[in-house]
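Colleague: I would like to learn how to read a model like this one, feature by feature. Could you show it to me and let me ask as we go?

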Amino acid sequence: LAQPLPVKAHGGETLDALAWRVLGRGPEAVEAILAANPGLALVAEAMPEGTVVVIPVAADAAPTAQDLV
């Protein structure tokens with residue numbers, strides 16, 4: 001694995017949408033993201049603006065800077 005990547009959520013963004021935006025993957029990535037972020041499940045359906053989510057990424061699947069906007 002590459003270094004975990006902190007990403008800020010957009011206001012009201014779901015965890016599934018964030019996984020698609022950053023990794024280009026949906027439900028299959030959510031379980032790993034939840035495991036890396038204890039307590040995130042409580043707000044995963046509508047995250048407040050700026051919620052920092054740690055994304056565990058494989059070295060071959062690391063997002064680009066453009067993906068993080």
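This is a predicted model: local features need pLDDT of at least 70, side-chain atom pairs count only at pLDDT 80 or more; totals for chains, interfaces and linings use all residues.

Colleague: Is proline 27 buried or exposed?

Modeller: Read the relative accessibility against the cut-offs: under 20% is buried and over 50% is exposed. Proline 27 has 59%, so it counts as exposed. Proline 27 still touches Asp16 and Trp20, leaving out residues up to four places away in sequence. Its C-alpha is 9.3 Å from that of alanine 17, ten residues away in sequence.

Colleague: Now the overall layout. What pattern does the chain follow along the sequence?

Modeller: The order is β-α-α-β, with two helices and two strands in the chain.

Colleague: What share of the contacts join residues at least 24 apart?

Modeller: Among contacts between residues at least 6 apart in sequence, the share is 61%. As for burial, 32% of the 69 residues in the chain are buried. The accessible surface of the chain is about 4,100 Å², with 61% of that belonging to carbon and sulfur atoms.

Colleague: How do I read a helix by its faces? Which residues of α2 are buried?

Modeller: List the buried residues, then look down the axis. In α2 they are Ala29, Val30 and Ile33. They fall within an arc of 110°, so they line one face of the helix. The face turned away from that buried side carries the exposed residues Glu31 and Ala35. What covers the buried residues of α2 includes α1 and β2.

Colleague: And which residues of α1 are buried?

Modeller: Leu15, Leu18, Ala19, Arg21, Val22 and Leu23. Their arc around the axis is only 165°, which puts them on the same side of α1. These buried residues pack against β1 (5–8), α2 and β2.

Colleague: What should I expect of nonpolar side chains in general?

Modeller: In soluble globular proteins, nonpolar side chains tend to be buried together.

Colleague: Then how many residues does the largest nonpolar core have here?

Modeller: It has 16 residues, and those with the most contacts inside it are Leu15, Leu18, Leu23, Ile33, Met47, Val53 and Ile55. The elements giving two or more residues to this core are α1 (15–23), α2 and β2. α1 gives the most, with five residues.

Colleague: Ile33 is on that list. Which residues is isoleucine 33 in contact with?

Modeller: Beyond its neighbours within four places in sequence, isoleucine 33 contacts Leu15, Ala19, Leu23, Leu40, Val53, Val54, Ile55 and Pro56.

Colleague: Where is methionine 47 found?

Modeller: Methionine 47 is in the loop between α2 (27–36) and β2 (52–55). At 0% relative accessibility, methionine 47 counts as buried. Its contacts beyond four places in sequence include Gly11, Gly12, Leu15, Leu18, Leu40 and Val53. The C-alpha atoms of methionine 47 and leucine 15 are 7.6 Å apart, although the two residues are 32 apart in sequence.

Colleague: What does threonine 51 do in that loop? I mean, which backbone oxygen lies 2.7 Å from a polar atom of its side chain?

Modeller: The backbone oxygen of proline 48. Threonine 51 is found in the loop between α2 and β2, and its relative accessible area of 18% makes it buried.

Colleague: Last topic, charges. What is the general idea?

Modeller: Side chains of opposite charge can pair when their charged atoms come close.

Colleague: How many salt bridges does a search of the whole structure find?

Modeller: Two. In one, arginine 21 pairs with glutamate 13, and the closest N and O atoms are 2.9 Å apart. Arginine 21 is buried, at 18% relative accessible area, and glutamate 13 is buried too, at 10%. In the other, arginine 25 pairs with glutamate 28, with the closest N and O atoms 3.8 Å apart. Arginine 25 counts as partly exposed, at 31% relative accessibility.

How values were computed
Residues are numbered from 1 along each chain as its sequence is written. Side-chain values use heavy atoms; hydrogens and water are left out. Helices (H or I, at least four residues) and strands (E, at least two) are DSSP runs, numbered from the N terminus. Buried means under 20% relative accessible area, exposed over 50%, partly exposed in between (1.4 Å probe, protein chains only). Contact means heavy atoms within 4.5 Å. A salt bridge is a side-chain nitrogen of Lys or Arg within 4 Å of a carboxyl oxygen of Asp or Glu. A polar contact is a pair of N or O atoms within 3.5 Å; within protein, one must be able to donate a hydrogen and the other to accept it, and residues adjacent in sequence count only if both atoms are side-chain atoms. Accessible areas come from the Shrake-Rupley method with a 1.4 Å probe; for residues, only the protein chains shown count as cover. A nonpolar core is a set of buried Ala, Val, Leu, Ile, Met, Phe, Trp, Tyr and Cys residues joined through side-chain atoms within 4.5 Å. The arc is that of the directions from the helix axis to the C-beta atoms.
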